[in-house]
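Colleague: Could you take me through one part of this model closely, namely the aromatic pairs and what they tie together? I would like one connected account.

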Amino acid sequence: MVMGLRVGWLLVLVIAALSVVFSVLSFVRAQPSPVGSLRLPHGVISYYSSTSISVSPGLVVRVYAINGSRIYPVQAFVAVYGLTPRHIVPIAYGFSSMVSVPFNNTNWLFIANRWLSFNPSVNEYNTSLLVFITYIDFTRNESWIEAYSVPYNIGWVMGNPGRIKYIVLTAYINLSSKPFRVVPVKQLPQGQPVINSASKDPVYTEYNCVEQSPTAPKLTNGPYIYYPILNCYGFTGPIPLDWITWSQGITNEYKNYGLDFLIDVFYSGRFTWDAVGYYENGGFSTIGTSYQASVNWNPPIMDIGDSGYLTQPGSFYFAYDGSFALANYTEYYYNIHTGYVYVGNVVISEVISVSSTSWFVYGTDYGNGPISYIYKVLILLAEQGLGYPALNKSTIVTYASWVYGRQGPGCGVISSEPISSFYAWWLTLESLTTTYGVSPAQLGVTLGTIGVEPAEILLDLIGLTLPPNTSISLIHTEFEIEAPTNNLYHIAWYLSLINASDVFGISTFGFIVNATNYYQGAYNCNG
């Protein structure tokens with residue numbers, strides 16, 4: 001059987017107005033308009049091609065506190081890191097209400113050269129900076145940490161003509177949010193825990209993804225010496241995009257009653273991978289874009305049963321080759337009166353890079369592949385080693401079920417209809433995003449989403465109507481369950497949907513099908 005037609009949605013464009021608060025840019029002699037802005041939960045990133053800012057071209061960080069109705073500049077510790085294709089490298093530290101890092105910083109140029117070795121065609125991708133900003137109220141022994149992922153293009157660092165000259169991060173520290181407690185500790189932790197892989201031959205290359213910079217940044221502020229510690233777990237290999245996992249009970253129903261699965265995946269356009277921050281004090285949010293590139297992933301529709309994959313419990317997956325990281329940023333300071341003091345921490349999940357030569361793979365996993373690695377290693381590492389509740393029960397939706405001839409309990413709506421001598425149920429997830437670019441390698445803000453059909457044709461048609469430097473990206477995932485009509489009263493299935501988008505930064509879903517109950521016995525409608 002073939003899958004149902006890709007269902008079209010009503011075209012909708014929701015245009016978000018950009019708002020940049022120029023009053024906070026007191027260091028700008030004449031306030032130019034940015035050529036692009038990215039709005040984040042706790043700040044705004046603005047991009048300027050002007051030369052009227054009174055510092056050298058590069059990154060400028062401005063820090064403001066929000067206290068009730070008041071917004072005012074505050075001095076804070078600023079730690080700036082840069083991503084290479086496989087590592088995170090410290091660039092610079094500062095303590096002020098305004099910190100600047102020029103493009104010609106030795107450490108930043110070191111990072112840029114790593115990217116040029118990875119892919120010298122800099123217009124094909126954007127990388128990012130990781131910026132951690134810490135404000136401490138010494139009178140109340142409280143602190144606040146905010147993390148930001150700041151996308152940029154390597155060409156700007158290397159001085160390409162027409163480049164962006166200033167990246168301005170305006171960061172806001174909300175003093176009404178829950179703070180960290182600043183507490184003394186006997187000593188600083190040494191090293192980071194080792195990953196204990198469940199497999200003797202893990203599917204990923206595992207490594208410490210912190211790389212020292214040529215010039216180690218240091219900072220002393222009066223009697224205080226700051227000690228930022230970044231522990232980083234790196235993984236290089238197939239990063240899951242969509243997958244199906246099935247149980248032994250489903251294998252039995254395939255053999256006895258002809259139950260079958262099909263999956264159709266189509267990703268095309270310029271995509272952004274978002275970084276996510278999880279704070280020990282309970283906060284959880286997207287912190288910005290970690291990586292951006294153009295992709296065209298259009299594999300054939302896969303019939304799992306007809307391909308012979310349902311003969312034993314396992315998974316089928318689509319994946320792309322790349323590197324991602326789970327990083328734990330913890331901050332301490334030291335003074336002669338109190339010794340070492342813990343300030344707070346935040347855990348970051350982000351894709352660092354995507355291979356430009358080996359893009360897309362798919363295959364089965366019967367216990368030693370990327371899906372098993374997620375279940376057996378990554379979830380435990382995130383939750384137990386980092387305190388980051390990745391892919392826990394709150395991310396699993398008990399979507400729909402079929403129990404011996406009738407629809408069973410579930411939270412979602414799944415389409416169904418008879419097709420010849422078979423009966424089919426299917427779930428379609430699709431969107432189209434329009435992005436207005438600020439450079440040849442587009443950075444931008446999402447203007448809207450559209451569901452489309454047929455996808456490839458509409459991509460071409462919409463492309464004719466968009467303004468210059470605008471990119472579009474389509475995501476289409478369709479999962480289908482089929483069974484012979486005369487066996488509908490003999491089968492039962494429970495479909496759970498895992499949303500792994502926050503962990504991997506791009507729309508990523510896992511379909512888990514059991515024959516007796518939902519995955520982990522969970523019943524959750526708010527994943």
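Modeller: A residue is called buried here when its relative accessible area is under 20%, exposed when that value is over 50%, and partly exposed in between; by that rule Tyr333, with a relative accessible area of 5%, is buried. The model is a predicted one, and its protein chain has 527 residues, of which 57% count as buried. The secondary structure comes to 6 helices and 29 strands, and of the contacts between residues at least 6 apart in sequence, 75% join residues at least 24 apart.

Turning to the rings, the count comes to 48 aromatic pairs. In one of them, Phe77 and Tyr226 are stacked, with 4.7 Å from centre to centre and 5° between the planes. Because Phe77 belongs to strand S5 (residues 76-83) and Tyr226 to strand S15 (residues 224-246), this pair ties together parts that are 149 residues apart in sequence. Both partners are covered: Phe77 is buried at a relative accessible area of 1%, and Tyr226 also counts as buried, at 6%.

The pair that involves Tyr333 has another geometry: the ring centres of Phe138 and Tyr333 are 5.6 Å apart and their planes stand at 70°, so the pair is edge-to-face, given that planes over 60 degrees apart are placed in that class. Phe138 lies in the loop between strand S8 (125-137) and strand S9 (142-152), while Tyr333 lies in strand S19 (residues 314-335), so the pair ties together parts 195 residues apart in sequence. The two partners do not share one exposure class, since Phe138 is partly exposed, with a relative accessible area of 32%, whereas Tyr333 is buried, at 5%. A ring can also meet a charge, as at Tyr207, where the charged end of Arg86 sits over the ring, 4.3 Å from its centre.

Conventions: Residues numbered from 1 in each chain as written. Predicted model: local features only at pLDDT ≥ 70, side-chain atom pairs only at ≥ 80, totals over all residues. Heavy atoms only, no water. Helix = DSSP H or I, 4+ residues; strand = E, 2+ residues; numbered from the N terminus. Buried < 20%, exposed > 50% of the residue type's maximum accessible area, 1.4 Å probe, protein only. Contact = heavy atoms within 4.5 Å. Phe/Tyr/Trp six-rings, centres within 6.5 Å; stacked < 30°, edge-to-face > 60°. Lys NZ or Arg CZ within 6 Å of the ring centre and 35° of its normal.
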